[in-house]
Amino acid sequence: MTRPTFLRRACARAARPLAAAALALGLSAAPAAAAQRLTLALDWFVNPDHAPIIVAQQRGIFARHGLELRIVAPADPSDPPRMAAAGAADIAVSYQPQLHLQRAQDMPLRRLGTLVATPLNCLLVRADGPVRAIADLRGRRIGYSVAGMERAVLGAMLRSAGLSEADVELVNVNWSLSPSVMSGQVDAVIGAFRNFELAQMRLEGVEGRCFHPEEHGVPVYDELIYVANPARLDPEAGRRFLAAVEEATLFILNHPEEAWRDFVSYAPELDDALNRQAWAATLPRLALRPAARDEGRYARFEAFLHAAGLIAQPRPADELLMAPPAAPPAR
């Protein structure tokens with residue numbers, strides 16, 4: 001699926017913002033404590049990457065954790081981190097690589113938790129094409145959409161096979177990723193998501209092949225994370241949020257078909273062949289312990305970006321990660 005298609009859908013949804021389901025069940029005759037309200041900004045329109053959020057919403061898990069969550073999808077995918085930094089959203093879904101760059105620009109953001117705990121980005125080629133190994137890219141055309149980060153990832157992957165950017169021709173394909181590969185405009189693209197673009201190509205009758213950055217010179221990282229401004233997010237609300245999405249993730253893994261029905265009940269347009277395939281490809285990559293901190297993972301990626309010239313100085317992990325959530329109060 002191309003990013004322009006994503007953006008058109010996101011804009012359509014932005015015209016009718018995605019809001020939280022109403023809390024309809026009164027489980028006790030006694031007055032209940034008021035739920036704490038949170039606004040969550042997604043990184044894009046709703047898709048299987050957001051499975052724990054949507055399932056937690058549809059099953060009332062957030063409500064059971066004392067939260068009333070409002071979910072909004074951005075008209076511009078670059079907005080959510082800025083919204084969280086400014087307090088226009090309490091939490092935003094973002095990307096670990098982008099957090100490193102945002103902190104280098106002194107944005108007041110920290111990683112609250114993890115949503116997708118492995119990279120999704122890949123170097124995508126046609127399975128029936130001439131590129132069987134990264135070394136086969138010598139003299140070929142590679143498409144990209146965003147210079148900085150994608151070029152750094154691609155550079156590391158090329159070096160793993162003894163190549164450099166001088167050995168290939170780079171082409172800006174303006175987010176038309178899988179179509180550029182399928183049409184033969186380029187031999188490969190960097191920036192495709194392995195859980196979506198491979199499925200889209202398959203539905204178009206073309207098999208794709210992914211080369212994974214983490215297997216070719218790029219430190220492993222969290223693709224999708226929750227970020228917040230620690231000066232604006234109530235720590236107890238953050239703890240409840242992470243507990244709710246952890247509960248939802250375990251439910252999804254234990255009951256994938258029932259969870260799929262919960263997911264598509266959020267919006268009728270989610271129930272299609274692409275999302276069904278992406279759902280199956282995404283579930284194994286969801287973070288089972290969204291609150292867990294891996295300081296070494298963040299330190300290694302800081303060092304990678306510093307070596308690539310994208311940040312001036314590596315920051316310690318504590319400047320990227322929020323403090324671990326405190327234990328819930330005793331009852």
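Reader: Which residues form a nonpolar patch on the surface, with about 250 Å² of accessible area together?
Author: This is a predicted model, in which local features need pLDDT of at least 70 and side-chain atom pairs count only at pLDDT 80 or more, while totals for chains, interfaces and linings use all residues. Residues are numbered from 1 along each chain as its sequence is written, and side-chain values use heavy atoms, leaving out hydrogens and water. A patch takes residues with over 30% relative accessible area and no salt bridge, joining like charges within 9 Å and nonpolar side chains (Val, Leu, Ile, Met, Phe, Trp, Tyr) within 5 Å; a salt bridge is a side-chain nitrogen of Lys or Arg within 4 Å of a carboxyl oxygen of Asp or Glu, and areas follow the Shrake-Rupley method with a 1.4 Å probe, only the protein chains shown counting as cover for residues. The residues that make up this patch are Leu-250, Leu-253 and Leu-288.

Reader: What is the relative accessible area of Leu-250?
Author: Leu-250 belongs to helix α9, residues 235-254, where helices (H or I, at least four residues) and strands (E, at least two) are DSSP runs numbered from the N terminus. Buried means under 20% relative accessible area, exposed over 50%, and partly exposed in between, with a 1.4 Å probe and protein chains only. Leu-250 is therefore partly exposed, its value being 41%.

Reader: Within what arc do the buried residues of helix α4 fall, seen down its axis?
Author: In α4 (residues 79-86), the buried residues are Pro-80, Pro-81, Ala-84 and Ala-85. They line one face of the helix, because the directions from the axis to their C-beta atoms fall within an arc of 135°.

Reader: Against which elements do the buried residues of α4 pack?
Author: Contact here means heavy atoms within 4.5 Å. Beyond the end of α4 comes Gly-87, which has a positive phi near 90°. The buried residues of the helix itself pack against β1 (36-41), β3 (91-95), α5 (96-104) and β10 (224-228).

Reader: Which elements are among those that cover the buried residues of helix α10?
Author: Helix α10 spans residues 256-264, and its buried residues are Ala-259, Trp-260, Asp-262, Phe-263 and Val-264. Their cover includes α2 (51-58), α9 and α11 (273-282).

Reader: Which residue, separated by 9.7 Å between C-alpha atoms, stands 14 residues from Trp-175 along the chain?
Author: The loop between β7 (169-172) and α7 (177-183) holds Asn-174, an exposed residue at 55% relative accessible area whose phi is positive, near 55°, although it is not glycine. Trp-175 is found in the loop between β7 and α7 and also has a positive phi, of about 70°, while its 32% relative accessibility makes it partly exposed. The C-alpha atom at 9.7 Å from that of Trp-175 belongs to Val-189.

Reader: What percentage of the residues in the protein chain is buried?
Author: The secondary structure of the chain comes to 12 helices and 10 strands. Among contacts between residues at least 6 apart in sequence, 81% join residues at least 24 apart. Of the 331 residues in the chain, the buried share is 50%.
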